[in-house]
Amino acid sequence: MTDVADGADVVVPAGLPLSEAAAWVGHACWAELRFHETLTRWLALDADPAFVTALWAVRAHRAELAEAWHRRLPELRELPREGFVRPSDSGEQGFAALDALTAPEATAARARALTGAFEQLASHYEAHVEVAVGPADAPTADTLHQAITRTRADADLVRPFLAT
């Protein structure tokens with residue numbers, strides 16, 4: 001606690017312990033990499049050229065976010081970064097429905113699934129904003145805001161294809 005001139009106390013809440021914070025960032029990195037992988041498969045499948053163009057942009061955004069999350073992982077000899085980049089307990093299950101959409105004419109179904117997944121991911125990121133506090137978490141908070149904005153924008157990019 002620090003006393004300020006008017007007698008009020010200023011408290012900066014502590015963030016998560018390093019291993020927990022790094023695990024959360026690793027899960028986010030894994031999810032973005034997994035979206036990139038799924039979108040790469042879809043690019044080879046989809047028959048709608050306009051949707052494919054949108055997927056290229058979304059895929060690039062997911063790669064940028066995966067890289068941003070990877071940069072937020074600790075660089076400690078005793079905690080190798082690779083050990084943190086793994087799915088959360090429910091991570092892989094969420095991608096099963098996306099992976100099942102393999103028909104070339106499934107553009108609308110892919111758009112619905114992707115929009116829903118992005119809305120869920122953005123909500124997950126928003127829930128973590130309250131946890132990313134304190135000076136040490138400032139870079140993570142910045143990446144969270146970037147990820148929320150980009151994820152909502154990517155959902156908007158695929159939304160026009162919901163009815164195709």
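Throughout this note, two residues are said to be in contact when heavy atoms of theirs lie within 4.5 Å.

1. Basis of the note. This is a predicted model, in which local features need pLDDT of at least 70 and side-chain atom pairs count only at pLDDT 80 or more, whereas totals for chains, interfaces and linings use all residues. Residues are numbered from 1 along each chain as its sequence is written, and side-chain values use heavy atoms, with hydrogens and water left out.

2. Overall layout. The chain contains five helices and two strands, and along the sequence these follow the pattern β-β-α-α-α-α-α; helices (H or I, at least four residues) and strands (E, at least two) are DSSP runs, numbered from the N terminus. Among contacts between residues at least 6 apart in sequence, 75% join residues at least 24 apart.

3. Surface and burial. The accessible surface of the chain is about 8,800 Å², and 58% of that belongs to carbon and sulfur atoms; these areas come from the Shrake-Rupley method with a 1.4 Å probe, and for residues only the protein chains shown count as cover. Of the 164 residues, 40% count as buried, where buried means under 20% relative accessible area, exposed means over 50%, and partly exposed lies in between (1.4 Å probe, protein chains only).

4. The nonpolar core. A nonpolar core is taken here as a set of buried Ala, Val, Leu, Ile, Met, Phe, Trp, Tyr and Cys residues joined through side-chain atoms within 4.5 Å. The largest such core has 38 residues, and those with the most contacts inside it are Trp 24, Phe 35, Trp 42, Leu 55, Trp 69, Leu 114 and Tyr 125. Each of α1 (18-45), α2 (49-71), α3 (91-99), α4 (107-129) and α5 (138-158) supplies at least two residues of this core, the largest share, twelve residues, coming from α1. In soluble globular proteins, nonpolar side chains tend to be buried together.

5. Aromatic pairs, with Trp 24 and Trp 69. The structure holds seven aromatic pairs; rings of Phe, Tyr and Trp (its six-membered ring) pair if their centres lie within 6.5 Å, and planes under 30 degrees apart count as stacked, over 60 as edge-to-face and the rest as tilted. Trp 24 and Trp 69 form an edge-to-face pair, with 5.4 Å centre to centre and 80 degrees between the planes, and this pair links distant parts of the chain, since Trp 24 is in helix α1 and Trp 69 in helix α2, 45 residues apart. Trp 24 is buried, with a relative accessible area of 12%, and Trp 69 also counts as buried, at 0% relative accessibility.

6. Phe 35 and Phe 118. These two residues form a tilted aromatic pair, with 5.0 Å centre to centre and 50 degrees between the planes, and the pair joins Phe 35 in helix α1 to Phe 118 in helix α4, 83 residues apart. Phe 35 is buried at a relative accessible area of 5%, and Phe 118 is buried at 1%. Ring pairs link Trp 30, Phe 35, Phe 95 and Phe 118 into a cluster.

7. Surroundings of Trp 69. When neighbours within four places in sequence are left aside, the residues in contact with Trp 69 include Trp 24, Glu 32, Tyr 125, Thr 140 and Leu 144.

8. Gly 91, Phe 95 and Leu 98 of α3 are buried. They lie on the same side of α3 because they cover an arc of only 40 degrees around the axis, the arc being that of the directions from the helix axis to the C-beta atoms. The face turned away from the buried side of α3 carries the exposed residues Gln 93 and Ala 97.

9. Arg 110 and Asp 46. Arg 110 is in helix α4 and counts as buried, at 0% relative accessibility, while Asp 46 lies in the loop between α1 and α2 and is buried, with a relative accessible area of 9%. The side chains of Asp 46 and Arg 110 make a polar contact (2.8 Å), that is, a pair of N or O atoms within 3.5 Å, where within protein one must be able to donate a hydrogen and the other to accept it, and residues adjacent in sequence count only if both atoms are side-chain atoms. A polar atom of the Arg 110 side chain also lies 2.8 Å from the backbone oxygen of Ala 103. Neighbours within four places in sequence aside, Asp 46 is in contact with Phe 51, Val 52, Pro 104, Ala 106, Thr 107 and Arg 110.
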